[in-house]
Protein chains: 2
Amino acid sequence: MTGILHGTLHGVGVGPGDPELITLKALRILQSAPVIAWPAPLQGDSMARAIAAPHIDARNPGDEPVEIAIRMPMVAERFPAQNVYDDAARDIANHLDAGRDVAVLCEGDPFFYGSFMYLFGRLAEHYPVEVTPGISSLTASAAALAAPLAARNDVLSVLPAPLPETELKQHLQDSDAVAIIKIGAHLDKIKTVLMELNLLENARYVEHATMATQTVRRLADIESAPYFSMILVHKRQNAWREN
Amino acid sequence: MTGILHGTLHGVGVGPGDPELITLKALRILQSAPVIAWPAPLQGDSMARAIAAPHIDARNPGDEPVEIAIRMPMVAERFPAQNVYDDAARDIANHLDAGRDVAVLCEGDPFFYGSFMYLFGRLAEHYPVEVTPGISSLTASAAALAAPLAARNDVLSVLPAPLPETELKQHLQDSDAVAIIKIGAHLDKIKTVLMELNLLENARYVEHATMATQTVRRLADIESAPYFSMILVHKRQNAWREN
């Protein structure tokens, strides 16, 4: 600790994929932060960095940010490697200690099932933090499907697909609208549960919402699903036409 | 129906209140749409129009949009007056028939408990519709509270406060994180339910998230709540510190 004023840790939602779906506030931070950190797989490109690319790359020569790649093994179901976040938090803290703001790019929204929380948990007690919300996959998927997510007194539940079958079934029965996330290897289980509840025809599938690769299909036609996909189930189809 | 190409109906999320929290895409539409419609109370200002004001008012002289106010009696719990939406849909359809795009401004996100669905239900079968997602009150409130909304395999439920006590209680018991919306006159009921479940200390209250009037307080200290307020309940407090 020195006498220097600490920098601020920014969690910046960059939205679901379309670079036009970032906020003016996120844009301002991307174009001014001296340090920008982003999550990435061990090898290959960072999706968050790719979404932000047109905005960061528009900075003037000489004004480029320092960039920190947080490379994480992408192993389904396994808890993230603590040491990767420990190391990243240490790197970021060094910049904050020197009075430099650090913007951490987050796909979608930083606090909606995002990995930003692991840095937040390590740094929030020691540094000023500001979170800039982003368009989440939840509302992006509803827009892509051209279907209202929830209305009036609907109960809307977000269910991670890795949950046990009985738990998924219970929430599907108790809610009016459901968004199922993190599908990947759990596709067959989800389809089985929906069939048993006679809800397969109420389920719509969207993959890579708002990206160039966006796909919208009947869930019944889907045989495999990437991590960035979502299933929306409306118990009362066309409920918004009732009024 | 004429030979003219129809205009597109745009549902445009303008975000939760901070004019900087609109997306670049929403900004582009606000600055180019020939017709802009917005919801408002019978008397007084439209919140959606106020959020968009700096962006619409920046348009060049001579390029101002035609504006349509959709004035709705704001009576708690009562279903919206069908005739108001019928009339608005007719006005909007006239512009679309003439080939003019119409942007309908929506507080937050158009498909997250928004009144846009009433126009969508009336017009989507007849005209091209494009929805531009917005920052919802859900992620804006989490950012305002500086608290992750949900993580890992959390079940997140959105509960409208007008629901019966037993239903609220059931969902609060079954979910890991809960957002309670539309509080208003239901504040006492919500507090009672949370106390009975021993969750009052886990409940955080935010009012007018991201606006100049934003208020963040312990729910226990709150005696009355406006419509634009939200309660976030995390069953596992500081769960994001576990890893």
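How many Å separate the centres of domain 1 and domain 2 of chain A, taken over C-alpha atoms? The answer is 28 Å. The views below come from a predicted model.

**View 1. Chain A is assigned two domains.** Domain 1 covers residues 9-134 of chain A. Domain 2 covers residues 138-241 of chain A. Their centres, taken over C-alpha atoms, are separated by 28 Å.

**View 2. Domain 1 of chain A touches domain 2 of chain A.** Here 9 residues of domain 1 are in contact with 12 residues of domain 2. The area buried between these two domains of chain A is about 830 Å². Carbon and sulfur atoms give 72% of that area. The side of domain 1 that touches domain 2 has 5 nonpolar, 1 polar and 3 charged residues. The salt-bridge count between the two domains is 0. For polar contacts, the count is 1 residue pair, with both residues at pLDDT 80 or more.

**View 3. Chain B meets chain A.** On chain B, 60 residues are in contact with 60 residues of chain A. The two chains bury about 5200 Å² between them. Of this area, 63% is on carbon and sulfur atoms. Across the interface there are 25 residue pairs in polar contact, both residues at pLDDT 80 or more. Which elements of chain B each supply at least two residues of the side that touches chain A? The helices are α1 (24-30), α4 (116-123), α5 (137-145) and α6 (165-174). The strands are β5 (129-132) and β6 (156-160). By class, this side of chain B divides into 34 nonpolar, 13 polar and 13 charged residues.

**View 4. E20(B) and R28(A) form a salt bridge.** The rule finds 2 salt bridges across the interface of chain B and chain A. One of them joins the side chains of E20(B) and R28(A). The distance is 2.5 Å, N to O.

**View 5. Strand β6 of chain A pairs with β6(B).** In chain A this strand spans residues 156-160. Do the two strands run parallel or antiparallel? They run antiparallel. They are joined by 3 bridges. Follow V158(A) across to the other chain: its bridge partner in β6(B) is L156(B).

**View 6. H208(B) lies in a loop of chain B.** The loop is between β8 (203-207) and β9 (215-218). Which residues does H208(B) contact, leaving aside its neighbours within four places in sequence? They are T213(B), Q214(B), P226(B) and F228(B). With T213(B), the link is also a polar contact. The side chains of H208(B) and T213(B) are joined at 3.1 Å.

Methods:
Residues numbered from 1 in each chain as written. Chains lettered and ligands numbered in written order. Predicted model: local features only at pLDDT ≥ 70, side-chain atom pairs only at ≥ 80, totals over all residues. Heavy atoms only, no water. Contact = heavy atoms within 4.5 Å. Buried area = accessible area lost by both parts, 1.4 Å probe. Salt bridge = Lys/Arg side-chain N within 4 Å of Asp/Glu carboxyl O. Polar contact = N/O pair within 3.5 Å; in protein donor to acceptor, adjacent residues only side chain to side chain. Helix = DSSP H or I, 4+ residues; strand = E, 2+ residues; numbered from the N terminus. Nonpolar A, V, L, I, M, F, W, Y, C, P; charged D, E, K, R; others polar. Pairing = 2+ DSSP bridges. Domains from an automatic or database assignment.
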